[in-house]
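Colleague: I've just opened this one and I'm new to it. Can you walk me through it?

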Amino acid sequence: MTLQDTAPDYNLAELMCIAAARELRDGEKIFLGLGLPCLVGTAAKMLYLPEAQLFTEVGVFDWIPRDPAVMGRAPLHIADMPLYAGSAMLGDMLDQLGCMLMGGHVDTAFLGGAQIDKFGNINTICLGDYHRPSRRLGGVGGNTEAACLAGKVIAILPHETRRFVERVDFLTSPGYIDGPGGRRREGLGPQGPNVVISTLGVLRFDTPDGVDGTCEMYLDATFPNVTVDTVKEMTGWDLKVSPQVKEVAPPTLEEVILLRSLDPLKFHLAEGRY
């Protein structure tokens with residue numbers, strides 16, 4: 001990448017989305033969760049993944065996004081009209097959650113959440129005690145099924161101590177649950193390698209499958225001008241760090257222009273949200 005290829009200005013939220021898009025793999029069947037995954041999946045399909053198949057829990061199959069000049073924007077949510085206009089087939093939740101996920105046909109679940117813990121468990125239900133929560137959240141949707149049944153999970157969320165916690169307040173979407181073998185003990189199949197992308201960097205897990213290794217999250221790469229100490233300070237446990245921490249390449253001009261054109265109303269990337 002040359003200097004002229006690099007976007008002259010970008011923020012950490014935009015780089016979070018672009019870094020997540022780079023983690024998705026061509027040729028895979030990818031389940032898109034609510035929120036940022038809809039924007040990132042759109043950008044990834046248009047930039048790098050011509051052969052990937054994108055799905056949402058409402059039954060939109062093999063969605064192919066169109067040029068922003070035609071489509072206008074990325075979908076705002078998992079049942080937005082741009083999805084229907086470019087899909088190969090329209091089904092329902094039974095088709096997606098039953099046939100696709102339970103049938104073992106989803107390679108990657110790409111999910112957001114309110115909290116995530118060191119074993120990759122995600123919370124989208126409530127903050128605090130379930131019976132007396134400080135806040136109720138949006139709910140489950142297909143996050144639980146996706147986290148249980150997809151071959152691997154890529155999670156995306158802002159990096160804050162209130163979000164990156166040692167143990168989630170409510171386990172909505174299981175990662176490695178309580179460590180090595182946790183998924184097996186709960187009747188779930190092996191999963192991985194899972195990835196987390198935040199506004200500070202890329203985090204991975206010390207396991208290829210949820211059986212070997214510690215299954216704990218560790219810092220693999222930071223964003224430009226973000227230090228390891230900053231990431232550790234913004235994490236709610238003693239975060240492990242790779243002995244060779246990398247730096248994520250800054251976004252290209254093409255990546256930033258497309259991302260912004262897909263979110264002209266700043267629905268996904270509202271100022272001050274991240």
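Colleague: Where is Asp-62 found?

Modeller: Asp-62 sits in the loop between strand 3 (60-61) and helix 3. Bear in mind that this is a predicted model.

Colleague: And what's phi of Asp-62 near?

Modeller: It's near 50°, a positive value in a residue other than glycine. Most residues other than glycine have a negative phi.

Colleague: Which other residue has a positive phi despite being something other than glycine?

Modeller: Asn-225 is one of them, with phi near 70°. You'll find Asn-225 in the loop between strand 13 (217-222) and helix 8 (228-233).

Colleague: Is Asn-225 buried or exposed?

Modeller: Asn-225 has a relative accessible area of 82%. The cut-off for exposed is over 50%, so Asn-225 counts as exposed.

Colleague: OK, on to prolines. Where's the place of Pro-75?

Modeller: Pro-75 is also in a loop, the one between helix 3 (68-71) and helix 4 (81-85).

Colleague: Buried or exposed, that Pro-75?

Modeller: Buried: its relative accessibility is 0%, and anything under 20% counts as buried.

Colleague: What is Pro-75 in contact with?

Modeller: Setting aside neighbours within four places in sequence, Pro-75 touches Cys-38, Thr-42, Trp-63, Asp-80, Pro-82, Leu-83 and His-268. As for Glu-28, which is 47 residues from Pro-75 along the chain, the two C-alpha atoms are separated by 20 Å.

Colleague: Which peptide bond is cis, with omega near -5°?

Modeller: That's the bond from Gly-192 to Pro-193. Most peptide bonds are trans. Pro-193 lies in the loop between helix 7 (182-185) and strand 11 (195-197).

Colleague: What does Phe-170 contact, leaving aside its neighbours within four places in sequence?

Modeller: Ile-122, Asn-123, Ile-125, Cys-126 and Tyr-130. Then there's Gln-115, 55 residues from Phe-170 in sequence, with 8.8 Å from C-alpha to C-alpha.

Colleague: Now the helices. How do the axes of helix 1 and helix 9 cross?

Modeller: Helix 1 (residues 12-23) and helix 9 (residues 253-262) have axes that come within 11 Å and cross at roughly 105°. The two helices are therefore roughly perpendicular to each other.

Colleague: Which residues make that contact?

Modeller: Glu-14, Cys-17, Ile-18 and Arg-22 from helix 1, with Glu-255, Val-256, Leu-259 and Arg-260 from helix 9. By class, that contact has 4 nonpolar and 4 charged residues, and no polar ones.

Colleague: Stepping back, how many helices and strands does the protein have?

Modeller: The count comes to 9 helices and 14 strands.

Colleague: What about its overall dimensions?

Modeller: The C-alpha trace spans about 45 × 45 × 35 Å along its principal axes. The radius of gyration is 18 Å, which agrees with the value near 19 Å that a compact globule of 274 residues would have.

Colleague: How much of the protein is buried, and what about its surface?

Modeller: Of the 274 residues, 52% count as buried. The accessible surface comes to about 12,000 Å², and 54% of that belongs to carbon and sulfur atoms.

Colleague: Last one: what share of the contacts comes from residues 24 or more positions apart?

Modeller: Those account for 68% of the contacts with a separation of 6 or more.

Key. Residues numbered from 1 in each chain as written. Predicted model: local features only at pLDDT ≥ 70, side-chain atom pairs only at ≥ 80, totals over all residues. Heavy atoms only, no water. Axes fitted to C-alpha atoms, helices over the stretch in contact; angles between N-to-C directions. Helix = DSSP H or I, 4+ residues; strand = E, 2+ residues; numbered from the N terminus. Parallel < 35°, antiparallel > 145°, perpendicular 65-115°, else oblique. Contact = heavy atoms within 4.5 Å. Nonpolar A, V, L, I, M, F, W, Y, C, P; charged D, E, K, R; others polar. Rg over C-alpha atoms; globule rule 2.2 N^0.38 Å. Buried < 20%, exposed > 50% of the residue type's maximum accessible area, 1.4 Å probe, protein only. Areas by Shrake-Rupley, 256 points an atom, 1.4 Å probe, with all protein chains shown as cover.
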